[in-house]
Amino acid sequence: MKIDVLGTEYKIETHKVSEDSFLKDNHLAGYCDEECKLIVIADMSEKEFFPGMDEQSQERYRKKTLRHELIHAFLNESGLSDSASVPVCAWSKNEEMIDWFAIQSPKIYKAFEKVGAI
């Protein structure tokens with residue numbers, strides 16, 4: 001799948017954790033590669049890496065992870081990651097902040113829709 005992120009095309013792929021050393025070595029469910037314009041989401045059906053998750057839980061977590069990585073892509077393409085290494089862990093790379101956007105965005109979108117703001 002491909003998605004336009006502020007005029008830049010990003011490819012979205014699903015990888016098995018067992019076959020993607022970056023996912024596996026860093027214990028990740030996904031990542032956004034700014035240089036390659038690639039978003040990778042883990043195949044959540046691999047029980048070894050996602051134990052105790054039924055299909056419904058896997059799908060919820062997949063969507064949450066995809067939103068998280070898309071937020072990274074939008075910040076990257078906005079130019080907000082260019083100076084993110086100074087200081088270390090600048091706000092545009094802060095995982096807690098990215099999680100907030102990823103978790104709250106469906107609720108914010110729903111509120112925007114309800115009041116006719118979209």
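**Figure 1. Helices and strands of the predicted chain.** The protein chain has three helices and four strands. From the N terminus, their order is β-β-α-β-β-α-α. Helices (H or I, at least four residues) and strands (E, at least two) are DSSP runs, numbered from the N terminus. This is a predicted model, in which local features need pLDDT of at least 70 and side-chain atom pairs count only at pLDDT 80 or more, while totals for chains, interfaces and linings use all residues. Residues are numbered from 1 along each chain as its sequence is written, and side-chain values use heavy atoms, with hydrogens and water left out. The C-alpha trace spans about 40 × 40 × 25 Å along its principal axes.

**Figure 2. Surface and contacts of the protein chain.** The chain exposes about 7800 Å². Carbon and sulfur atoms supply 55% of that area. Accessible areas come from the Shrake-Rupley method with a 1.4 Å probe; for residues, only the protein chains shown count as cover. Of the 118 residues, 32% count as buried. Buried means under 20% relative accessible area, exposed over 50%, and partly exposed in between (1.4 Å probe, protein chains only). Among contacts between residues at least 6 apart in sequence, 52% join residues at least 24 apart. A contact means heavy atoms within 4.5 Å.

**Figure 3. The largest pocket and its lining.** The volume of the largest pocket is about 320 Å³. Its lining has 17 residues, and Gly30, His68, Glu69, His72 and Glu95 are the closest to the pocket centre. Strand E3 (30–33), helix H2 (55–77) and helix H3 (95–114) are the elements that give two or more residues to this lining. H2 supplies the largest share, seven residues. By class, the lining holds five nonpolar, six polar and six charged residues. Ala, Val, Leu, Ile, Met, Phe, Trp, Tyr, Cys and Pro count as nonpolar, Asp, Glu, Lys and Arg as charged, and the others, Gly among them, as polar. A pocket is found on a 1 Å grid over the protein atoms alone: it is an open set of points where a 1.4 Å probe fits, with protein on both sides within 12 Å along at least five of seven lines, and lining residues have an atom within 4 Å of a point. Grid points are joined across faces, edges and corners, and a volume is the space filled by probe spheres set on the points.

**Figure 4. Cys32 and Cys36.** The structure holds zero disulfides (pairs of cysteine sulfur atoms within 2.5 Å). Cys32 is in no disulfide; its nearest cysteine sulfur, that of Cys36, is 10 Å away. Cys32 is buried, at 18% relative accessible area. Cys36 is in no disulfide either. Cys36 is exposed, at 55%.

Figure 5. Met1 lies in the segment before strand E1 (2–5). Its relative accessibility is 67%, so Met1 counts as exposed. Not counting residues up to four places away in sequence, Met1 touches Tyr10, Lys11 and Ile12. Met1 and Asn94 are 93 residues apart in sequence and 26 Å apart in space, C-alpha to C-alpha.

Figure 6. His27 sits in the loop between helix H1 (21–26) and E3. Its phi is near 55°, a positive value in a residue other than glycine. His27 is exposed, with a relative accessible area of 73%. Lys37 is in the loop between E3 and strand E4 (38–42). Phi of Lys37 is near 55°, again positive in a residue other than glycine. Lys37 is partly exposed, at 25% relative accessible area.
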